[in-house]
Amino acid sequence: MNNQDKKYIGSYKVVKLYRVSMRREVIRRGLSIEEAKRLVNSYPSRSGSMVVFMKQYSSDRYYI
């Protein structure tokens with residue numbers, strides 16, 4: 001089984017991605033999925049960047 005077939009139980013981070021350079025700027029770490037969604041939705045839309053959330057860890061110990 002790979003990580004795509006398992007459920008993620010770790011925390012999430014919110015990141016600002018700049019569209020031209022694809023540079024990442026971490027806004028906040030250690031969030032639950034609900035907190036991450038709420039924080040992403042609080043940022044306004046911009047043409048030069050976007051705010052997204054992603055899994056904070058990729059190790060097998062964070063999947064069940």
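Visitor: What is the relative accessible area of Y57?
Guide: Y57 has a relative accessible area of 33%, which makes this residue partly exposed. The limits are under 20% for buried and over 50% for exposed, with partly exposed in between (1.4 Å probe, protein chains only). This is a predicted model, in which local features need pLDDT of at least 70 and side-chain atom pairs count only at pLDDT 80 or more, while totals for chains, interfaces and linings use all residues. Residues are numbered from 1 along each chain as its sequence is written, and side-chain values use heavy atoms, with hydrogens and water left out.

Visitor: And the chain as a whole, what elements does it have?
Guide: The chain has 1 helix and 3 strands, in the order β-β-α-β from the N terminus. These elements are DSSP runs numbered from the N terminus: helices are H or I with at least four residues, strands E with at least two.

Visitor: How much of it counts as buried?
Guide: Of its 64 residues, 25% count as buried. The accessible surface of the chain is about 4,900 Å², and carbon and sulfur atoms hold 47% of that. Such areas come from the Shrake-Rupley method with a 1.4 Å probe, and for residues only the protein chains shown count as cover.

Visitor: Which residues make up the largest nonpolar core?
Guide: There are 9 residues: Y8, Y12, V14, L31, A36, L39, V40, V51 and Y63. A nonpolar core here is a set of buried Ala, Val, Leu, Ile, Met, Phe, Trp, Tyr and Cys residues joined through side-chain atoms within 4.5 Å.

Visitor: Which elements give two or more residues to this core?
Guide: Those are β1 (12-18) and α1 (33-41). Helix α1 gives the most, with 3 residues.

Visitor: How many aromatic pairs are there?
Guide: The whole structure has 4 aromatic pairs. One of them joins Y12 and F53, an edge-to-face pair with 5.8 Å centre to centre and 75° between the planes. Rings of Phe, Tyr and Trp (its six-membered ring) pair if their centres lie within 6.5 Å; planes under 30 degrees apart are stacked, over 60 edge-to-face and the rest tilted.

Visitor: Where do Y12 and F53 sit?
Guide: Y12 is in strand β1 and F53 in strand β3, 41 residues apart, and their pair links distant parts of the chain. Y12 is buried at a relative accessible area of 12%, whereas F53 is partly exposed at 30%.

Visitor: Back to Y57: why does its pair with Y62 count as stacked?
Guide: The ring centres of Y57 and Y62 are 4.3 Å apart and the planes stand at 10°, so the pair is stacked.

Visitor: Which rings form a cluster?
Guide: Y8, Y12, F53 and Y63 are linked into a cluster by ring pairs. Beyond its neighbours within four places in sequence, Y12 is in contact with several residues, among them L31, A36 and F53. Contact means heavy atoms within 4.5 Å.

Visitor: New topic: is S49 buried or exposed?
Guide: S49 is buried, with a relative accessible area of 8%. This residue belongs to strand β3 (residues 49-55) and touches K16, L17, Y18 and R19, leaving out residues up to four places away in sequence.

Visitor: And S47, where does that lie?
Guide: S47 lies in the loop between α1 and β3 and counts as exposed at 73% relative accessibility. Its C-alpha atom is separated by 35 Å from that of K6, 41 residues apart along the chain.
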